[in-house]
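Please read these notes with the model open beside you.

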6 protein chains.
Amino acid sequence: MASHQGKSDVPHTYETLKVTQARDKVLHVELNRPEKRNAMNQAFWREMVECFNKIAQDSDCHAVVLSGAGKVFTAGIDLMDMGGVTLQQSGDDPARIAWNVRKKILEYQETFNVLEKCPKPVIVAFHGACIGGGVDLITACDIRYCTQDAFIQVKEVDIGLAADVGTLQRLPRIIGNQSLVNELTFTARKMMSEEAQSSGLVSRVFENKEAMLEGAFEVASEIASKSPLAVQGSKVNLVYSRNHSVPEGLNYMATWNMSMLQTEDLMKSAMAAMEKKTPRDVVYSKL
Amino acid sequence: MASHQGKSDVPHTYETLKVTQARDKVLHVELNRPEKRNAMNQAFWREMVECFNKIAQDSDCHAVVLSGAGKVFTAGIDLMDMGGVTLQQSGDDPARIAWNVRKKILEYQETFNVLEKCPKPVIVAFHGACIGGGVDLITACDIRYCTQDAFIQVKEVDIGLAADVGTLQRLPRIIGNQSLVNELTFTARKMMSEEAQSSGLVSRVFENKEAMLEGAFEVASEIASKSPLAVQGSKVNLVYSRNHSVPEGLNYMATWNMSMLQTEDLMKSAMAAMEKKTPRDVVYSKL
Amino acid sequence: MASHQGKSDVPHTYETLKVTQARDKVLHVELNRPEKRNAMNQAFWREMVECFNKIAQDSDCHAVVLSGAGKVFTAGIDLMDMGGVTLQQSGDDPARIAWNVRKKILEYQETFNVLEKCPKPVIVAFHGACIGGGVDLITACDIRYCTQDAFIQVKEVDIGLAADVGTLQRLPRIIGNQSLVNELTFTARKMMSEEAQSSGLVSRVFENKEAMLEGAFEVASEIASKSPLAVQGSKVNLVYSRNHSVPEGLNYMATWNMSMLQTEDLMKSAMAAMEKKTPRDVVYSKL
Amino acid sequence: MASHQGKSDVPHTYETLKVTQARDKVLHVELNRPEKRNAMNQAFWREMVECFNKIAQDSDCHAVVLSGAGKVFTAGIDLMDMGGVTLQQSGDDPARIAWNVRKKILEYQETFNVLEKCPKPVIVAFHGACIGGGVDLITACDIRYCTQDAFIQVKEVDIGLAADVGTLQRLPRIIGNQSLVNELTFTARKMMSEEAQSSGLVSRVFENKEAMLEGAFEVASEIASKSPLAVQGSKVNLVYSRNHSVPEGLNYMATWNMSMLQTEDLMKSAMAAMEKKTPRDVVYSKL
Amino acid sequence: MASHQGKSDVPHTYETLKVTQARDKVLHVELNRPEKRNAMNQAFWREMVECFNKIAQDSDCHAVVLSGAGKVFTAGIDLMDMGGVTLQQSGDDPARIAWNVRKKILEYQETFNVLEKCPKPVIVAFHGACIGGGVDLITACDIRYCTQDAFIQVKEVDIGLAADVGTLQRLPRIIGNQSLVNELTFTARKMMSEEAQSSGLVSRVFENKEAMLEGAFEVASEIASKSPLAVQGSKVNLVYSRNHSVPEGLNYMATWNMSMLQTEDLMKSAMAAMEKKTPRDVVYSKL
Amino acid sequence: MASHQGKSDVPHTYETLKVTQARDKVLHVELNRPEKRNAMNQAFWREMVECFNKIAQDSDCHAVVLSGAGKVFTAGIDLMDMGGVTLQQSGDDPARIAWNVRKKILEYQETFNVLEKCPKPVIVAFHGACIGGGVDLITACDIRYCTQDAFIQVKEVDIGLAADVGTLQRLPRIIGNQSLVNELTFTARKMMSEEAQSSGLVSRVFENKEAMLEGAFEVASEIASKSPLAVQGSKVNLVYSRNHSVPEGLNYMATWNMSMLQTEDLMKSAMAAMEKKTPRDVVYSKL
């Protein structure tokens with residue numbers, strides 16, 4: 001009987017998010033304002049940061065599944081809310097308004113950056129509509145699954161702005177097809193699940209939400225069973241490598257692993273492998 | 001009755017290009033030496049720069065469709081012309097020749113760079129052959145469509161040189177498959193329209209040129225109907241993001257939008273959205 | 001009768017590799033410890049560097065095909081060997097062990113870096129299993145082919161470590177689909193040949209090893225027939241461009257070609273083209 | 001009578017820091033554990049972040065002077081404390097210890113990064129000893145003054161480690177003389193105030209602490225009298241420029257000023273200048 | 001009698017600049033609105049670009065001396081002019097104004113960028129006041145001399161803006177002392193010639209303007225006598241190196257010199273050196 | 001009685017270099033062709049690489065002093081030799097010659113890069129002439145001392161080429177004064193020891209060679225007495241930091257020290273410090 005039970009004791013109480021224990025060492029985070037189609041309000045931007053910072057520190061959580069409660073994944077950013085960012089700025093000086101708007105944007109960007117900074121893999125599983133800010137969100141996750149009825153829409157140009165919390169930066173690195181990224185951005189047209197898969201945005205499409213969550217939990221559980229040092233070290237270095245050239249990435253990797261290869265997990269894992277066991281049979285220490 | 005009519009008054013007169021008003025706020029630029037299979041001669045390199053610099057300044061143009069007149073899109077660079085770059089250099093000193101050749105190459109690269117620097121989206125719609133310099137050209141456009149009979153050919157190694165006006169830099173960022181990019185470059189083999197689509201080089205294939213142009217005009221017109229600040233700001237930031245890491249791109253985006261979110265277009269667009277209207281129903285000021 | 005025969009005289013004698021002349025100007029390098037499933041031992045890491053440094057200097061070799069002898073391509077790194085890197089370090093000081101481990105990793109990375117530094121195109125043709133270090137290896141090659149029975153497996157997390165000799169850096173730049181790269185890395189699941197092709201990891205799948213080698217030799221021979229300056233200059237610049245932004249890549253390319261466009265190969269090739277001949281009909285000087 | 005009084009209402013209560021209002025819109029932050037020679041303990045690392053994040057938000061503060069209470073500026077990091085970072089880590093696995101040590105270092109680096117991220121200019125005025133962590137601290141400030149009796153010492157190698165919270169990154173960009181930076185780092189020798197000035201580390205040396213603080217307050221007050229948009233925008237761009245190439249810095253600057261040049265401060269300042277007044281005669285709105 | 005006479009035939013006619021032949025192969029460019037203290041007006045920004053682009057192409061000019069006519073070097077940017085950039089923008093939309101302001105700033109930056117892009121060394125020799133835009137100008141030159149009565153002033157914060165045409169990017173790379181750069185920028189205080197020299201901003205101070213010009217012409221003439229390939233290749237690579245890391249700079253340098261070392265200048269120069277002659281005794285071909 | 005004696009057993013036999021044990025753990029490397037003024041011939045380029053690679057691996061060497069035997073430090077590169085690089089290339093094709101010249105330059109650059117890659121501090125102590133390649137050499141060392149009679153000369157333009165083995169990349173990062181760097185490069189004038197010191201190129205000037213070597217050995221011995229992990233880790237990170245932005249440098253440093261802070265040297269050093277001992281009293285394990 002393992003000493004490492006994988007039931008998280010970290011309390012998670014939010015207005016807009018619901019966090020539950022889906023499997024051993026796997027947390028399930030739900031966007032949880034179904035009556036508002038999970039539109040992103042002020043509380044949401046703040047709570048995402050709080051939630052994923054906690055998860056980053058929670059050694060009983062090895063992987064996360066992120067989905068939306070209710071009929072759709074998310075209708076995206078709240079228009080009122082967004083207008084407010086600009087309009088609530090006191091004063092008439094366009095420069096001072098700009099100074100404050102910039103602070104807000106950087107703050108909103110952080111809401112999705114925490115998904116990357118959290119070293120635990122995050123699988124996003126979306127269904128129905130995933131609009132505007134929703135695309136910023138899913139592109140900051142590590143693995144993307146969706147249902148057949150799902151679609152995404154880079155909606156921002158239709159409300160008069162360029163997307164500014166991640167889509168323009170991350171989507172082109174996920175979809176190989178830059179021609180398609182441009183088309184989606186400039187026309188704001190919907191991309192249905194089938195095209196999302198063929199273009200590489202999602203790696204699997206499920207028949208319905210239930211099957212998708214089951215599939216996502218399964219993969220998350222598989223990941224959660226492995227050495228947390230190996231999995232989380234891989235995520236840290238995959239993100240680093242995306243932002244750097246290959247030689248820079250290799251240099252960083254070597255410096256990273258000069259300590260990580262001294263881990264006991266390597267010996268435990270290697271011995272399990274020789275005995276034809278899998279990581280599920282190994283008890284790794286907490287991280 | 002909108003004050004912004006979208007008929008460009010900017011005069012465009014060229015030897016190798018033909019510019020017409022395709023739709024409201026949409027210009028159609030044609031490679032126009034059909035008798036020479038639109039081969040790229042000295043005038044072409046110069047006129048492209050002139051043409052797209054004018055378009056960049058033309059507030060009545062919101063989107064561009066680029067295609068080729070006659071039977072093929074382009075046979076690529078003119079061999080005579082290219083040989084000339086080297087051979088016409090006076091003197092025998094290989095270093096002085098090199099100095100002048102470099103100036104020429106930088107000048108030729110600029111011919112396609114203007115497509116990226118022009119903030120209006122450029123949809124290229126090609127048919128038949130697209131060879132050598134033609135590939136450099138289409139990879140510098142934002143959206144790529146082609147006909148079923150189209151093919152591309154990275155022809156340069158067959159004439160003894162490494163492609164130097166953009167293909168080696170841009171193609172690998174457009175086609176997800178680096179193994180394929182390498183194969184195309186080293187073997188100079190043709191890639192037919194079907195493979196062009198499956199590899200992500202083009203995002204749509206049309207039955208014939210007529211249908212393709214119709215489709216391209218339709219998308220261009222859709223794009224042209226939207227807030228020019230939103231569309232062109234998106235292009236500027238998509239190009240910036242491709243050349244920078246994700247954190248660098250996000251920082252720049254926040255600084256960009258600190259002024260852009262103060263636009264009246266946002267309020268106009270948001271109100272239209274709430275009234276279930278589309279951007280086509282909004283009159284945006286010129287940019 | 002050409003003076004440039006393309007039969008390499010450079011001696012290649014190794015424990016773990018077998019080098020033969022496959023075609024005119026084409027070398028065939030085989031991983032050659034079939035009884036050990038071509039597992040990567042100490043000798044292998046050293047010999048790869050020696051072998052490809054020789055090939056880089058060998059003006060009679062214009063292209064390389066790399067494959068595995070026996071039933072599988074490679075079982076990847078030898079577990080004993082790898083554990084040894086850490087365990088054989090003398091002393092108890094974790095910092096001194098780290099210092100030495102880092103040197104080893106940098107050395108091992110070089111084993112695959114030589115594939116990129118060698119300016120001659122390397123086509124890897126793999127069959128059966130390609131596990132762990134094998135994925136690091138194939139991602140450092142220029143063109144990837146495989147057989148229908150082939151699969152790859154980013155196995156490292158299952159033995160408790162993050163892959164550190166290239167997979168995390170190069171795989172995301174080869175497969176357009178980052179969601180898939182993450183899934184493969186975190187779950188260590190197998191990816192079969194079909195998915196390898198649809199995701200862009202390989203550009204062709206063959207029915208069996210024999211057909212694959214035939215196909216690979218054919219393409220290698222085609223490449224080998226062309227101007228070595230054009231082909232190798234293209235490789236150098238493709239690798240450079242991957243590691244730099246588009247404007248940086250263009251600047252370097254212009255500086256590169258200021259001498260390379262002065263080559264006699266250009267005139268030879270252009271004249272052949274005008275006479276409807278192909279590069280196979282031209283005798284290029286050695287490089 | 002100006003509406004903008006410049007008396008900060010933000011409460012600052014710390015164990016290790018003392019914050020007072022030195023002049024109009026100028027705060028004075030003192031390292032305040034004189035009995036411990038202002039050695040940097042756990043509370044210090046935390047409180048610096050809290051303190052400067054508050055100052056960053058405090059629109060009544062336009063400039064900061066940082067100095068040390070008691071006989072010396074600082075004896076640097078607390079050895080016990082530092083050892084503790086490593087030793088208090090639970091468990092024996094060197095990799096898990098490494099994981100936690102890295103988190104700590106990143107946290108400690110942030111303690112000085114906040115000085116750069118705070119857009120208000122920070123003048124550090126040090127006297128007596130400035131050792132180890134003290135050098136990391138002063139190099140993250142914008143302007144450096146010291147007394148004649150002051151000296152700095154990059155002490156880290158003498159306690160068996162490479163400085164890891166900023167000195168190795170920032171000192172070489174402040175002192176023009178890289179040969180000297182290396183000597184200071186490798187030998188851990190003291191550098192006295194005279195050499196600090198001639199090498200560019202400090203820009204002024206004062207006879208004693210009293211004169212130095214007077215001088216620092218004077219300059220801070222001068223800075224505080226100017227347009228906060230102009231001063232703080234300059235700091236943001238100076239820091240950005242240090243981390244980027246000249247063309248990158250210029251591009252960012254242009255994007256920054258596209259909103260900032262719309263400020264009312266420009267007109268107010270220009271009119272003052274034409275009337276032969278100085279910024280002290282202008283009332284700028286809060287930022 | 002040398003065939004290369006070094007008298008430029010390129011016509012230079014401007015409102016704000018005066019161009020004369022100072023020495024063999026040396027041009028003298030003067031800021032020439034002495035009655036306005038050489039303040040930078042609209043014509044100036046345009047003419048600088050025109051002038052230095054011509055010089056870049058003029059093979060009879062090997063070096064340039066830049067100075068100011070009348071009592072001072074320059075009073076900097078014209079306040080009216082600058083206000084105009086913002087105020088003359090039509091319309092009320094802060095975002096559209098921002099779009100146009102940015103275009104203007106990029107245009108103004110180009111005015112000084114041309115000094116760097118021109119491969120011929122530019123020696124700036126300034127006397128009296130060098131204020132605001134004047135500092136942007138001199139930091140874009142290669143060598144800086146001044147008179148004893150000269151001073152510089154980074155004046156921008158005093159008129160309510162952050163300097164945006166080069167000072168914040170280039171000054172910190174010229175003055176080793178970042179503490180001093182910050183002080184100058186935040187306080188807008190004057191720096192007199194003595195401090196300009198001790199801080200490394202200028203490399204020589206002369207008693208008066210006459211002596212300074214004589215000295216500048218002497219050095220320019222010395223430079224002009226040498227191989228233009230060697231001198232201009234050095235400038236191109238010095239600018240490149242400043243914007244890149246050392247390894248990047250070395251790689252570029254090697255690629256640059258692979259053609260440049262084939263020059264006849266090398267042999268001519270080497271033979272002259274062996275015969276104890278100097279470059280002045282050699283006739284180099286035009287570049 | 002220390003187990004770590006610091007007498008190197010690694011054999012060093014060269015034509016152009018002389019290696020002796022100067023002090024405990026300190027090696028003295030001399031350029032040793034005094035009859036040829038230590039001009040850099042083919043053997044020299046090769047032997048430097050061999051010598052410093054050995055030193056990098058030699059755990060009994062903690063620091064190096066590099067000087068020149070005979071009357072001057074070095075007359076720089078051998079003109080015959082250099083011309084040969086170009087002239088000995090077989091064939092007439094300027095592109096093939098370029099290809100080979102580039103390989104040579106990269107090889108020559110490596111000769112000085114090894115000084116940076118060797119993690120042990122290298123103090124260069126030069127006297128008399130230090131010309132051309134000599135400047136490339138000293139700028140790749142960590143600490144620079146010279147005698148009063150010493151001078152440097154960036155001689156390359158006088159023989160018709162741009163310096164290509166390091167001076168243009170490293171000198172501007174060592175001397176704060178870019179104006180001076182440009183002047184030295186474009187005019188090829190001598191810089192005497194006094195200016196070398198005031199500009200920051202050297203950090204100390206000695207009366208004669210004997211005193212200089214004594215001083216250099218003293219500092220080297222001081223450095224050699226300290227924890228090799230601390231000293232060499234500092235060098236690795238100082239070099240890394242020079243090539244990267246501050247945030248990049250800090251990130252790398254944190255990853256580096258996550259293992260290095262686990263060293264026993266830290267505890268040994270800290271205990272010595274508390275007992276008022278110095279590193280000289282501590283026996284550190286070999287590295």
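1. A salt bridge is counted where a side-chain nitrogen of Lys or Arg lies within 4 Å of a carboxyl oxygen of Asp or Glu. By that rule, two salt bridges cross the interface of chain D and chain A. In one of them, D:Asp265 pairs with A:Arg96, with 2.9 Å from N to O. Over all chains, the structure holds 120 salt bridges.

2. A word on the basis of these values. This is a predicted model, in which local features need pLDDT of at least 70 and side-chain atom pairs count only at pLDDT 80 or more, while totals for chains, interfaces and linings use all residues. Residues are numbered from 1 along each chain as its sequence is written, chains are lettered from A and ligands numbered from 1 in the order in which they are written, and side-chain values use heavy atoms, with hydrogens and water left out.

3. How much of chain D and chain A is involved in their interface? Contact (heavy atoms within 4.5 Å) is made by 26 residues of chain D with 27 residues of chain A. The area buried between the two chains is about 2000 Å², and carbon and sulfur atoms give 61% of that area. Buried area here is the accessible area, found with a 1.4 Å probe, that two parts lose on being put together, summed over both.

4. Polar contacts also cross this interface: the rule finds 14 residue pairs between chain D and chain A, both residues being at pLDDT 80 or more. A polar contact is a pair of N or O atoms within 3.5 Å; within protein, one must be able to donate a hydrogen and the other to accept it, and residues adjacent in sequence count only if both atoms are side-chain atoms. On the side of chain D that touches chain A, at least two residues each come from helix H3 (94-117), helix H9 (228-242), helix H10 (246-260) and helix H11 (264-274) of chain D. H3(D) gives the largest share, seven residues. Helices are DSSP runs (H or I, at least four residues), numbered from the N terminus.

5. What kinds of residue make up that side of chain D? There are 12 nonpolar, seven polar and seven charged residues on the side of chain D that touches chain A. In this sorting Ala, Val, Leu, Ile, Met, Phe, Trp, Tyr, Cys and Pro are nonpolar, Asp, Glu, Lys and Arg are charged, and the others, Gly among them, are polar.

6. Next, the symmetry. Two copies of a chain are related by a rotation about an axis and a shift along it. Chain D is superposed on chain A by a rotation of 180 degrees with 0.0 Å of shift along the axis, at an RMSD of 0.0 Å. That is the relation of a two-fold axis. Copies are superposed by least squares on the C-alpha atoms of residues with pLDDT of at least 70 in both. D:His244 is the residue of chain D that comes closest to the rotation axis, at 7.4 Å (C-alpha). Because 100% of the interface residues of chain D are also interface residues in chain A, the copies meet through the same surface.

7. Some salt bridges lie within one helix. A:Glu50 and A:Lys54 form one, with their closest N and O atoms 3.6 Å apart. They are four residues apart in helix H1 (residues 42-57) of chain A, about one turn of the helix. A:Glu50 is partly exposed because its relative accessibility is 36%, and A:Lys54 is partly exposed at 26%. Buried means under 20% relative accessible area, exposed over 50%, and partly exposed in between (1.4 Å probe, protein chains only).

8. Is E:Asn237 buried or exposed? E:Asn237 counts as buried because its relative accessibility is 0%. This residue lies in helix H9 (residues 228-242) of chain E. Not counting residues up to four places away in sequence, E:Asn237 touches E:Tyr252, E:Met253, E:Trp256 and F:Leu168.
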